[in-house]
Amino acid sequence: GNARPVIVFDVLFRLLRHIYGEKHVTYVRNITDVDDKIIARAAERNVSIRDLTEGTAKIYQEDALALGCLAPTLEPRVTETMPEIVAMIGRLVKNNHAYVAEGHVLFHVPSDPDYGKLSRRSLDEMIAGARVEVAPYKKNPQDFVLWKPSDETQPGWDSPWGKGRPGWHIECSAMGEKHLGETFDIHAGGIDLMFPHHENEIAQSEGAHHGKSLANYWMHNGFLQVEGEKMSKSLGNFITIRELLAEKKFGGEQWHGKVLKLAMLSTHYRQPIDWTVERLVQTRTTLMEWARALHGISPADEPHPAFLSALEDDLNTPAALAVVHELAAAARTSAADKARLKRTLNFLGVYDNEKDADFIVGREAANPAAVEDLIAKRNAARKAKNFAEADRLRGELSAMGVAIE
């Protein structure tokens with residue numbers, strides 16, 4: 001689920017760089033390297049929060065690379081942004097959007113008459129959905145923490161309100177201001193972050209900047225289900241990208257990162273997606289077919305114009321992939337279309353110059369006798385005009401890395 005925005009907004013990053021030039025696009029993907037869960041986990045493992053988050057961030061970056069995603073322009077950390085966080089909180093207190101109570105600094109939600117404008121929720125819905133901490137020192141139940149005190153066992157930073165640490169929401173507002181300015185073009189993320197996180201970011205940033213908009217556009221990707229069910233640890237269907245890449249935990253297979261990326265892009269980013277083994281098998285089969293046609297040939301200079309046009313329409317990747325499939329059909333008889341297809345797939349970051357067998361991960365080479373047996377069974381099915389069975393057997397062979405021309 002957390003990989004979906006990484007993949008979706010990598011395509012947006014690529015598209016914007018193509019249109020405006022690499023120097024004119026700044027992509028900031030921040031790392032939250034201090035919060036109470038991290039502090040608790042570090043204490044449990046008896047390591048510093050820096051050591052804990054360095055390891056997690058490294059895995060995240062490696063996984064994003066394996067998925068065929070470009071590195072962002074900047075990857076700031078909360079722990080490197082403390083002066084900016086403290087300064088922004090100070091401005092909110094000065095502007096009467098925040099108050100100090102029992103060592104905490106809280107944002108006073110009623111001070112912002114537009115609060116809730118992003119998610120368009122009613123006051124009752126927001127109170128029910130916020131899951132904010134109930135505390136006697138709050139002026140309003142919706143008020144949320146900007147700064148909280150740290151005891152001797154917890155990491156803390158100096159501030160006008162005593163040694164403490166920031167709340168989650170203010171961290172993102174401060175990093176956005178530091179690296180993109182008071183108002184920037186596009187703020188993206190999962191739909192689950194719209195409320196309260198993004199709503200709180202807007203309230204903080206606009207409160208600190210005298211009403212200036214935080215972002216001109218918001219893009220939220222939809223939820224992800226696994227085999228028709230919501231992904232959750234309680235259901236036992238929670239799976240990480242690292243497990244998909246390196247372990248046989250999903251469909252008894254390891255999966256190539258570019259197979260995962262292409263499968264993710266087959267659904268429009270705003271729609272929910274059902275993550276299934278069947279989807280991955282079909283995607284791998286398709287990528288292997290393309291690899292057999294494209295390995296070793298030189299790509300064209302530009303992606304297909306209709307492909308780019310589809311992406312320019314609210315990042316419509318299903319329509320863009322429909323163009324790719326049409327191009328692949330034309331490429332069977334046209335060298336020019338082959339070159340254009342390769343460049344188009346390069347653009348998406350789903351194919352470089354891999355061989356078809358490269359997309360079969362963590363599996364020994366197919367047993368020649370087993371391959372011959374499946375081919376014989378397929379030939380028999382075709383002779384009996386049982387084409388559904390013949391297609392099934394061909395798919396089985398394709399999954400083994402065996403192509404039948």
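The structure is a predicted model, in which local features need pLDDT of at least 70, side-chain atom pairs count only at pLDDT 80 or more, and totals for chains, interfaces and linings use all residues. Residues are numbered from 1 along each chain as its sequence is written, and side-chain values use heavy atoms, with hydrogens and water left out.

The C-alpha atoms occupy a box of roughly 80 × 45 × 40 Å along the principal axes. The protein contains 15 helices and 11 strands (DSSP runs of H or I with at least four residues, and of E with at least two, numbered from the N terminus). Of its 405 residues, 48% are buried (under 20% relative accessible area, with exposed meaning over 50% and partly exposed in between; 1.4 Å probe, protein chains only).

Strand β3 (residues 144–149) is largely enclosed by the rest of the structure, because 5 of its 6 residues are buried. Strand β2 (residues 104–107) pairs with β3 in the antiparallel sense over 3 bridges (pairing requires at least two DSSP bridges between strands), and Phe107 has Phe144 of β3 as its bridge partner. Strand β4 (residues 164–166) also runs antiparallel to β3, joined by 3 bridges, with Pro149 opposite Gly164 of β4.

On the surface, Lys37, Arg41, Arg45 and Lys233 form a patch of positive charge (residues with over 30% relative accessible area and no salt bridge, like charges being joined within 9 Å; a salt bridge places a side-chain nitrogen of Lys or Arg within 4 Å of a carboxyl oxygen of Asp or Glu). Arg45 belongs to helix α2 (residues 36–45) and is partly exposed, with a relative accessible area of 48%.

Methods
Patch = residues over 30% accessible without salt bridge, like charges linked within 9 Å, V, L, I, M, F, W, Y side chains within 5 Å. Areas by Shrake-Rupley, 256 points an atom, 1.4 Å probe, with all protein chains shown as cover. Lys, Arg positive; Asp, Glu negative; His and termini not counted. Charge placed at Lys NZ, Arg CZ, Asp CG, Glu CD.
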